[in-house]
Amino acid sequence: MSANLSTEQVKALDKKYYMNTFGDRIPVSFVSGDGINLRSAEGDVYKDFFAGIAVSALGHNYERLTKELCDQIGRLIHTSSVYYVENQARLAQMLVENTCADRAFFCSTGAEANEGAIKLAKKYQIEQGRPERIEFITLKSSFHGRTLATVAATGQPKYQAPYKPLIEKFVHIELNDVDALKNAVNEKTAGIMIELIQGESGVHPATMEFVREAERLCRENDIAFIVDEVQTGVGRCGRLFAHELYGVKPDIFTMAKGLGGGVPIGAFCANEKFASAFKPGDHGTTFGGNPLSTRAGLVVLDELLNNGVLGRAAEAGEYLGDSLNKLKDECPEIAEVRGAGLMRGVEFKEPKAKEVGNKLFEKKILVGVVGDRVLRIVPPLIVNKSDIDILLNAIKEVL
Ligand SMILES: Cc1ncc(COP(=O)(O)O)c(C=O)c1O
């Protein structure tokens, strides 16, 4: 079955049959891609600086990924973790050998990875004979996912309101408020879970002081230091994981998005101290770590680590940051440029982000829009300088 309906036809089907959780979508349906280009059903070519919400790490139709996935599909897609799975074991090895973690667990989404991290942190306390430690400290304006526990962890009322009363206990404090963080830790706390750069709420980085204090408090109180790297991880911020930029070693960190280059896969990794709290039967999944998704992960990590993609992404990220900062000096409309690597936010003084995003879309350029004031720029990691120049010129023209 090939995708050859027009955007209008797809929209008509969607409006009639799909649950209306996304409202009116941006009016385009894509049928193919190549590098950072996406081709619509109408044959228009768009430059993709959004990567499907920071997912398509290797861009679209990356030759090696396509080839290896086709090969894997031709052999085996799924067996379940009732049996040993070579790609799963090899991907776990690759993650462990290149990070501060000792063990990995694979699932299928970011929310599921965070759920697993929360369960592991809780289980650790139970194993230590402290079952009363059931609370987690997370941050206001954070985003950790859409499952019931991760909605509770997410520090944004708009995501929680429809589901009150919430399960699990999360205490939300302000990003970068070191005193609030210190005061929030008590004898019921099981862990602190943070994003190092909050993506969904508009690209807000944590300060070095805040992150290091979070790590210190966790060590002092024997509770889990959990870093949600679902968006910041897998090369997005110029290092394999953003916690390297902060010089910290999370007890547990999560990832998803970029790891499969578009194939759904999530993971949480932990040091031995925490990982060993899980005993056989404590956690599981049917799809997680299957031969197909872990093959995708192996290709993405190998390209990043052994084929120069990570180094080039770091350079492109510096160039993007420098170019946006120069643009800010030229354009009084821009209040602030934030972020690291290929995860950047541009905040306007006036609520004009939607208008700018729409005008860029008319110019066949895709970026993310957060609220009224922020553009979120999270291109595929294979973006190059001339692509970035195209984006910058387009923003300049629009402004
Ligand atoms: C930091 C962070 N955590 C968790 C999630 C949830 O990931 P998923 O949508 O794959 O469940 C997201 C998604 O945007 C995210 O940005």
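## Helix H12

Of the 16 residues of H12, 12 are buried, so the helix is mostly covered; a residue is called buried if 20 or more other C-beta atoms lie within 10 Å of its own, exposed if 12 or fewer, and partly exposed in between, with C-beta atoms placed from the backbone. Helices (H or I, at least four residues) and strands (E, at least two) are DSSP runs, numbered from the N terminus. The model is a predicted one: local features need pLDDT of at least 70, side-chain atom pairs count only at pLDDT 80 or more, and totals for chains, interfaces and linings use all residues. Residues are numbered from 1 along each chain as its sequence is written.

The buried residues of H12 include Leu 292, Arg 295, Gly 297, Val 300 and Glu 303. The buried residues of this helix pack against helix H3 (63–75), H4, S4 and H13; contact between two residues means that their C-beta atoms, placed from the backbone, lie within 7 Å. At 1.5 Å a residue, the 16 residues of H12 should span 22 Å, and the 21 Å between its end C-alpha atoms agrees with this. The expected span is 1.5 Å times one less than the number of residues in the helix. Just after H12, Gly 308 has a positive phi of about 85°.

## Helix H4

Helix H4 (residues 86–97) has 12 residues, which at 1.5 Å each should span 16 Å; its end C-alpha atoms are 16 Å apart, in agreement. Its buried residues are Asn 87, Gln 88, Leu 91, Ala 92 and Leu 95. Seen down the axis of H4, these residues fall within an arc of 135°, so they line one face of the helix. The arc is that of the directions from the helix axis to the C-beta atoms. An α-helix has 3.6 residues a turn, so residues three or four places apart point the same way.

Glu 86, Gln 93 and Glu 97 are exposed on the other side of H4. The packing partners of the buried residues of H4 are strand S4 (103–107), strand S12 (266–270) and helix H12 (291–306).

Five of the five residues of S12 are buried. Gly 266, Phe 268 and Ala 270 lie on one side of the strand and Ala 267 and Cys 269 on the other, and both faces are covered. In a regular strand the side chains alternate between the two faces of the sheet.

S4 and S12 pair in the antiparallel sense over five bridges; strands pair if DSSP finds at least two bridges between them. In this pairing, Phe 106 stands opposite Ala 267 in S12. Strand S11 (residues 252–255) is also antiparallel to S12, joined by four bridges. The bridge partner of Phe 253 in S12 is Cys 269.

## A four-stranded sheet

An open sheet of four strands has the order S13-S14-S17-S16, with antiparallel pairing. Strand S13 (334–340) and strand S16 (368–370) are its edge strands, each pairing on one side only. On average, neighbouring strands of this sheet are turned by 20° against each other, direction ignored. Strand S14 (residues 343–348) runs antiparallel to strand S17 (residues 374–377), and four bridges join them. Within that pair, Arg 344 has Ile 377 in S17 as its bridge partner.

Two helices are placed against this sheet. Helix H13 (residues 309–330) lies across S13, S14 and S17, running at about 170° to S13. Helix H14 (residues 353–362) packs on the sheet, touching S14, S16 and S17, and its direction makes about 45° with that of S17. Axes are lines fitted to C-alpha atoms, for helices over the stretch in contact, and angles run from 0 to 180 degrees between N-to-C directions.

## Single residues

Ile 53 has a positive phi of about 60° although it is not a glycine. Ile 53 lies in helix H2 (residues 51–54) and counts as partly exposed, with 14 C-beta neighbours inside 10 Å. Ser 141, also not a glycine, has a positive phi of about 65°. The place of Ser 141 is the loop between strand S5 (135–139) and helix H6 (148–153).

## The chain as a whole

The chain has 15 helices and 17 strands. Its radius of gyration is 21 Å, close to the 21 Å that the globule rule gives for 399 residues, so the chain is as compact as a globular protein of that length. The radius is taken over C-alpha atoms, and the rule is 2.2 Å times the number of residues to the power 0.38. Of the 399 residues, 48% count as buried.
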